[in-house]
Amino acid sequence: MASPSAARVVIVGGGIVGTSVAYHLSKLGWRDVLLLEQGSLSCGTTWHAAGLVGQLRSSSNLTRLIGYSVELYSHLEAETGQSTGWKRCGSVSVARTAERMIQLKRNASVANSYGIEAHVISREEAAARYPLMRIDDLVGAVWIPGDGKANPADITQALARGARAGGARLMESVKVTGVRIERGAVAGVETTAGPIATEILVNCAGMWARELGRMSGVAIPLHACEHMYIVTQPIAGVAPDLPVLRDPDGHIYVKEEVQGLLMGGFDPWAKPWGTESIPEGFSFQTLKEDWEKFDVLMRNALIRLPDLETAQVRTFMNGPESFTPDNYFILGEAPEVRRYYVGAGFCSGGIAAAGGAGRALAEWIVADRPPMDLWQADIRRFAPFHADRRFLRERVSEVVGVHYHIAFPNRELTSGRNLRRSPLHDRLHARRACFGAKMGWERANWFAPEGVTPEPVYSFGRQNWFPYSAAEHRATREAVAVFDQTSFAKLRLEGADAESVLQRLCANDVAVPVGRVVYTAMLNERGTFESDLTVTRLAADAYLIVTGSAQATRDADWIRRHLPAGARAVLTDVTDAWAVIGVMGPRSRELLARVSDAELGNRAFPFGASKEIRIGSATVRASRITYVGELGWELYVPIADAASVYDELDRAGRDLGRRDAGYYAMESLRMEKAYRAWGREVTIDDTPWEAGLGFAVRLDKPAPFLGRDALLAERDRRPTKRLLTFVLEDDAALPWGDEPILRDGRIVGSVTSAAFGHTLGRAVAMGYVKDPGGIDEAYVEAGRFELDIGGDRVAARASLQAPYDPRAARVKS
Ligand SMILES: Cc1cc2nc3c(=O)[nH]c(=O)nc-3n(C[C@H](O)[C@H](O)[C@H](O)COP(=O)(O)OP(=O)(O)OC[C@H]3O[C@@H](n4cnc5c(N)ncnc54)[C@H](O)[C@@H]3O)c2cc1C
């Protein structure tokens with residue numbers, strides 16, 4: 001087949017992901033779809049995958065993606081006539097420890113709330129399902145009947161056949177050697193078969209995706225690691241319907257393969273591969289056997305399956321697969337180049353995810369927006385520094401093992417740290433801060449007292465930092481606390497049209513006098529959130545936009561792509577120019593008054609005001625605003641002055657009960673006050689009405705804003721989905737997020753965030769509840785609410801309001 005000179009969309013890569021995108025684009029009615037594969041279909045990573053399809057993921061939307069894969073794979077053979085090897089054999093996951101069992105129980109509860117059948121079973125019941133397994137050292141197990149297995153190369157062929165039937169062209173032995181970009185958008189590709197004009201490129205190049213992206217200045221942070229399994233000769237008692245077995249404490253998975261066993265796993269510290277480049281012509285190839293590295297898996301497999309001792313190994317498979325810095329795949333339109341899409345970095349879950357991810361990406365391309373909240377997978381969660389080879393090489397070695405880590409709340413990765421540090425870092429370190437990482441920043445989570453090591457000890461119960469964070473929380477409510485919030489993303493929009501650009505993008509009115517801070521949503525045309533942030537008017541023609549640390553790339557991208565052609569407005573990321581010191585608590589005014597001559601009283605400095613003040617020799621911007629629900633100021637301090645301002649506050653605050661406080665305290669404080677967080681309570685699936693943030697929407701402002709029409713259409717409807725707050729009645733219960741919410745015994749939603757509220761003395765949670773009959777005060781009052789925490793139902797008091805109201809100085813619980 002001669003290569004065409006143009007196509008509506010060009011997909012690079014004929015693995016399971018690229019073919020799935022082609023299949024789904026053609027299902028959506030796109031005919032002029034061209035897929036280019038440098039070798040043969042499935043020749044990269046796909047052909048040697050083990051073929052396990054497990055459905056449970058950490059968010060409802062990612063779980064939905066895989067749920068769809070299962071649905072697709074079960075009928076693809078009938079649809080295309082190409083065998084797929086799909087078998088719904090179920091899966092058994094076992095726990096060797098009590099902590100693992102807690103995780104399995106929590107997973108089962110979450111799975112059930114997402115509509116996936118999952119049963120907590122005893123070890124004896126597990127043995128009945130998997131007779132070859134040794135069980136005397138097990139605590140219990142979970143059985144998911146809908147999980148299955150498939151033949152990855154056959155699924156790829158079936159998707160390809162389906163795509164071709166829908167009119168797509170799939171060409172093998174054609175390599176994409178470059179991407180032509182014009183005016184910031186895709187214009188065509190260079191290939192070994194000549195140039196092809198196209199306006200849409202989809203990079204599904206697997207472990208090659210990073211290099212392909214780099215050619216066009218697109219950062220795609222992924223790196224290959226070696227992944228190994230063995231396959232044995234037939235073993236007595238192994239039949240095709242044997243479930244998939246996962247023993248995560250032993251780092252292993254096992255599946256039936258031609259009546260023998262395929263056993264592989266996730267090495268706790270894996271071997272990166274292909275850092276410099278992937279060898280030319282790497283097609284249907286494997287890597288060298290490495291029995292030494294495989295030893296930990298083999299030893300654990302022998303514990304679980306004693307019959308392996310005498311089994312003959314037929315194949316040792318070592319293949320490369322790409323992993324990302326956070327173990328989630330990468331999907332979506334790259335912020336650097338318009339209409340450059342990516343579907344790559346599947347972290348050893350590409351067979352399970354390809355059906356759903358391929359469909360989501362195809363829908364994203366057709367509609368030019370994501371079909372649902374896919375923030376965890378969204379390419380804009382990264383910044384260019386994440387694609388640094390040295391960082392990736394170090395990080396992915398750890399990420400492989402994360403698969404089978406116990407998913408303790410707040411678990412931090414230990415590799416690839418210290419990428420970005422606040423100017424206060426050394427001071428906070430000296431104060432015994434325990435740091436966590438967000439968007440590359442090291443941030444103090446909590447401070448250890450003398451004699452306590454500032455390191456987390458993980459568990460599903462109260463972790464070791466609980467009492468120290470509680471003290472920071474109390475200091476904020478009762479005295480004054482200092483937070484280092486330097487990691488905030490900060491953007492400056494400047495120019496004669498800055499106001500009109502922001503008025504169009506923001507749901508709140510930002511045409512305010514100089515020196516005002518406005519909390520606002522940015523919405524899309526459907527009236528759902530693209531971000532929530534604060535906008536400070538610095539001058540008639542300049543605004544400071546402050547947003548969450550993780551939202552830097554995403555929000556800058558959203559604003560840039562909505563700058564009208566010819567607009568006199570320039571957006572600059574000024575994150576690294578400013579430290580942010582939060583001074584929060586009832587004595588914050590007293591503390592600031594000791595270090596500054598500025599007038600800080602309510603009249604001179606009301607809530608929402610922002611002014612330059614002097615602290616010592618530094619000029620800082622003080623904004624009266626809070627995320628903890630107390631009197632307080634955020635101080636925007638030039639990086640060079642940050643240490644001296646911090647020291648001044650330190651000296652002046654000693655007798656005021658001043659304390660350093662970290663992000664865990666901020667979390668418990670904001671939860672009591674029901675302040676929403678991006679990615680949890682605020683996503684592209686939610687409107688301000690549903691999120692209870694209508695107060696920050698100005699439908700009546702003179703300039704119409706993006707999303708206004710959609711909001712107007714919804715305004716007078718009885719909402720069928722709303723964010724509720726919960727205070728748990730049992731003061732020992734501890735939810736961490738994702739728990740199912742029940743009303744009168746029926747699942748009606750799941751928890752978006754949770755924390756222990758130290759002022760309330762109970763855990764607090766937020767979560768969306770859905771009911772087709774509508775949700776109002778009466779609905780909330782009339783219901784009996786519970787959270788399902790790993791199978792235990794805990795009664796909770798639900799409300800549409802924040803559980804803690806500092807102005808009324810009372811607790812609603
Ligand atoms: C040993 C092993 C076991 C695994 N087991 C499982 C499992 O049980 N379950 C599961 O869900 N996942 C599993 N995986 C992961 C799964 O195989 C991958 O996530 C999935 O195959 C990735 O598919 P892909 O399409 O992104 O990449 P690939 O299959 O690598 O496809 C990318 C394609 O792009 C082509 N390409 C690259 N550059 C260019 C270019 N410039 N021009 C044209 N073409 C180009 C390549 O030739 C390649 O064919 C396993 C992986 C390994 C290594």
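Colleague: Are Trp446 and Tyr468 buried or exposed?

Modeller: Both Trp446 and Tyr468 are buried (buried is under 20% relative accessible area, exposed over 50%, partly exposed in between, with a 1.4 Å probe and protein chains only). Keep in mind that this is a predicted model, where local features need pLDDT of at least 70, side-chain atom pairs count only at pLDDT 80 or more, and totals for chains, interfaces and linings use all residues. Residues are numbered from 1 along each chain as its sequence is written, and side-chain values use heavy atoms, leaving out hydrogens and water.

Colleague: Okay, and how many aromatic pairs are there?

Modeller: The count is 19 aromatic pairs. Rings of Phe, Tyr and Trp (its six-membered ring) pair if their centres lie within 6.5 Å; planes under 30 degrees apart are stacked, over 60 edge-to-face, and the rest tilted.

Colleague: Why is Trp291 with Phe294 edge-to-face?

Modeller: Because their planes are at 90 degrees, with the ring centres 5.9 Å apart. Both residues lie in helix α7 (residues 291–304), three residues apart, which is about one turn of the helix. Helices (H or I, at least four residues) and strands (E, at least two) are DSSP runs, numbered from the N terminus.

Colleague: How accessible are Trp291 and Phe294?

Modeller: Trp291 is partly exposed at 39% relative accessible area, while Phe294 is buried at 0%.

Colleague: Back to Trp446 and Tyr468: why is that pair stacked?

Modeller: Their planes are at 20 degrees, with centres 5.9 Å apart, so the pair counts as stacked. Trp446 is in strand β22 (residues 441–447) and Tyr468 in helix α11 (residues 466–478), so the pair ties together parts 22 residues apart in sequence.

Colleague: Which charge lies over the face of Tyr68?

Modeller: That's Arg359, at 3.7 Å from the ring centre. A charge sits over a ring if NZ of Lys or CZ of Arg is within 6 Å of the ring centre and within 35 degrees of the ring normal.

Colleague: Which element gives the most to its lining?

Modeller: β13 does, with three residues.
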